[in-house]
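Me: I have a new structure open and would like to learn how to read it. Could you take me through it step by step?
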Amino acid sequence: MSTTPQRITVTLNATEIRADAGQSVGAVLMGQGIKAWRTTRNEGKPRGLFCGIGACYDCLITIDGQPNQRACMVEARDSMNIEGDFDA
Amino acid sequence: MSTQTEFSFDVAVIGAGPAGLAAAVAAAERGAKVVVLDAGTQPGGQFWRHRPESVIPEPDGHGHHGWKTYLDLRARFDAAASRGMLRYLPNTQVWMTECEDAGRFVLRLTPATGTALEAATVRATKLVSCTGGYDRQLPLPGWELPGVMAAGGIQAFIKANGTLPGRRFVVAGTGPFLLPVAANIAEAGGKVVAVCESASLANWLPHLGAASGVPGKALEGAEYAGVFAKHRIRYRTRTVVTEVLGETSANSVRIAKVDADGAVIAGTEQLLEDVDVVGFGWGFTPQIELAVALGAETRIDADGSLVCVVDDRQASNVPGLYLAGEVTGVGGAVLAVAEGLVAGAAAATGEQPTAGTARQIQRHRKFAGAMHQAHPVPEKWDDLLTDDTLVCRCEEVSHGEVVHARDALGATDARTMKSFTRTGMGWCQGKVCGFAVSCLSTKGNDDAGAEQASLAAFAKRPVAAPLTLGEISALDSRQPQDS
């Protein structure tokens with residue numbers, strides 16, 4: 001039935017970590033215990049996943065140099081560079 | 001330049017969830033040349049969201065309902081694509097719809113993620129919009145803390161990733177949807193500390209006739225009862241979360257019993273500690289802005305949602321525009337598939353649904369109406385809000401600011417509130433706060449049409465998804481050549 005997941009390596013704020021292929025960027029971060037990776041413009045409050053399906057834009061993050069990507073929508077790929085407001 | 005590529009089709013279908021898949025299949029099997037645009041990277045929508053097929057090529061459908069229906073639709077979808085009758089454009093969001101003089105629909109596209117896009121513009125003679133919906137939210141103290149998620153967001157996380165977004169969960173709000181969310185969490189190995197349903201299940205008593213018309217739903221309910229018993233999940237009715245607590249992320253919740261109006265009953269408050277994920281869902285908000293932008297007629301459904309009006313062929317008042325699924329009224333996947341099949345067939349050939357299909361749709365509509373009446377948004381939900389409670393998460397607008405704008409500045413509808421306070425002007429464009437802002441703005445207004453007018457004005461968003469200035473400057477505004 002289920003096969004052993006392929007492993008990938010991604011970089012979280014310059015720290016390399018291993019993750020299962022097929023997970024969203026949001027899931028990879030949550031798997032590392034990182035619940036927030038953005039701070040709000042006005043009050044500097046932490047934000048992470050909220051709607052989980054691309055509607056709310058709370059989980060925005062920079063992926064491979066491209067800002068404002070939705071972490072809940074982007075599938076993590078090998079050698080992906082993920083940068084945000086979090087401690088890896 | 002590739003972004004100028006021109007694609008022309010008989011029927012464009014927006015969305016590849018239950019309604020969109022059904023519509024696409026029905027149209028393509030009747031000989032129409034179909035394009036399907038979807039923000040997801042693989043078909044299924046939110047209801048049949050599953051792990052990436054690049055990693056799990058043959059998903060077993062565990063934790064899903066109607067998986068056989070999905071497999072059937074998917075096989076027909078793939079077959080139509082391989083026959084060259086169906087073009088599938090995943091990872092694609094429609095940011096604007098227009099109707100040209102010739103009556104053709106023009107859809108402007110942007111990538112959902114990344115920058116790659118197969119076509120910047122698609123044109124089609126008929127349009128079937130099956131854009132679904134998302135969890136309806138109500139603000140409350142602490143709902144902006146990381147760890148607070150939409151109930152559907154938790155479910156999507158489990159379905160898409162095969163992991164959990166935390167350890168100990170509280171699921172709260174109203175409606176039968178809270179049950180599968182809690183069941184999915186428990187079966188994935190998470191602890192569901194409580195499910196808080198604001199309504200009383202006695203609300204169903206006047207609707208047993210409508211409920212018996214759709215026996216499958218009762219079976220589904222019994223299935224959840226089994227899962228709840230097995231995992232010892234506490235299902236609390238007439239109970240709401242009054243506050244989420246935590247410094248940098250959620251760590252506990254306060255709950256309380258409420259009366260029939262949703263007012264907290266003093267002395268019933270309780271603190272649930274060691275909770276790291278709180279999932280909220282107050283029914284769903286249909287995503288109707290693309291249809292509204294084209295001029296589709298709207299109405300307020302039994303659940304208070306603004307939905308689009310369709311006839312028995314799922315046709316809207318806009319010639320050539322058909323609508324199926326949650327956009328015509330939240331009613332679940334079985335209904336969405338039935339409506340999609342009707343809409344796709346009508347868009348391709350103009351045909352009428354069979355009497356059997358029409359009856360099935362009626363039965364499910366009736367059930368949905370009963371469900372909405374049994375699980376209303378509590379009348380006094382805003383009693384929980386303090387001045388500091390955030391109402392608009394994107395622009396960080398507080399309840400105090402909203403109330404001031406309403407009472408002192410006369411912002412008595414959501415659109416005026418938007419101009420005065422910036423509610424709904426951030427990234428999500430009011431998708432999250434729109435319903436609550438509209439309720440708060442029109443509060444005290446006895447005019448029956450005020451709520452609809454407020455929601456309808458708010459839903460009018462010609463630009464339906466954020467996009468870059470570069471994409472606008474690259475727009476191809478040339479007149480289309482006849483093809």
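Reply: Happy to; we will go through the ground rules, the sheets, the interface and the salt bridges.

Me: What should I know before I start?

Reply: This is a predicted model, so to speak of local features we need pLDDT of at least 70, side-chain atom pairs count only at pLDDT 80 or more, and totals for chains, interfaces and linings use all residues. Residues are numbered from 1 along each chain as its sequence is written, chains are lettered from A and ligands numbered from 1 in the order in which they are written, and side-chain values use heavy atoms, with hydrogens and water left out.

Me: Which residues of chain B does UniProt list for "domain: FAD/NAD(P)-binding"?

Reply: The unreviewed UniProt entry gives residues 9-340 of chain B. UniProt positions follow the numbering used here, feature names are shortened, and annotations may be inferred rather than shown by experiment. Over that span chain B is 25% helix and 29% strand, with the end C-alpha atoms 18 Å apart. Helices (H or I, at least four residues) and strands (E, at least two) are DSSP runs, numbered from the N terminus. The same record places "domain: BFD-like [2Fe-2S]-binding" (unreviewed entry) at residues 390-434 of chain B; this span is 40% helix and 11% strand, and its end C-alpha atoms lie 13 Å apart.

Me: How do I read a sheet, and what is the strand order of the open sheet in chain B?

Reply: Strands of a sheet pair through backbone hydrogen bonds, either parallel or antiparallel. Here, two strands pair if DSSP finds at least two bridges between them. In chain B, 5 strands with parallel pairing follow the order β8-β15-β9-β10-β11. The edge strands are β8 (148-150) and β11 (235-237) of chain B, each pairing on one side only. On average, neighbouring strands of this sheet are turned by 20° against each other, direction ignored. Angles run from 0 to 180 degrees between N-to-C directions, and axes are lines fitted to C-alpha atoms, for helices over the stretch in contact.

Me: What joins β8(B) to β15 of chain B?

Reply: Look for 3 bridges between β8(B) and the parallel strand β15 (residues 277-282) of chain B. B:Met149 stands opposite B:Gly279 in β15(B). Helix α3 (residues 151-161) of chain B packs on the sheet, touching β8, β9 (168-174) and β15 of chain B, and its direction makes about 85° with that of β8(B). Contact means heavy atoms within 4.5 Å.

Me: Which strands stand at the edges of the sheet in chain A?

Reply: The open sheet of chain A has 5 strands in the order β2-β1-β7-β5-β6, with mixed pairing. At its edges stand β2 (15-20) and β6 of chain A, each with a single partner strand, so one side of each has no neighbour in the sheet. Strand β5 (residues 60-63) of chain A pairs with β6(A) in the antiparallel sense over 3 bridges, and A:Leu60 stands opposite A:Arg70 in β6(A).

Me: How much area is buried between chain A and chain B?

Reply: The size of an interface is often given as the accessible area lost when the parts come together. Buried area is the accessible area (1.4 Å probe) that two parts lose on being put together, summed over both. Between chain A and chain B about 3300 Å² is buried, and carbon and sulfur atoms give 53% of that. A:Lys35, A:Phe50 and A:Ile53 supply 21% of the area that chain A buries against chain B, more than any other three residues.

Me: How many salt bridges cross this interface?

Reply: The rule finds 2 between chain A and chain B. A salt bridge is a side-chain nitrogen of Lys or Arg within 4 Å of a carboxyl oxygen of Asp or Glu. A:Arg41 and B:Glu395 meet in one through their side chains (3.1 Å, N to O).
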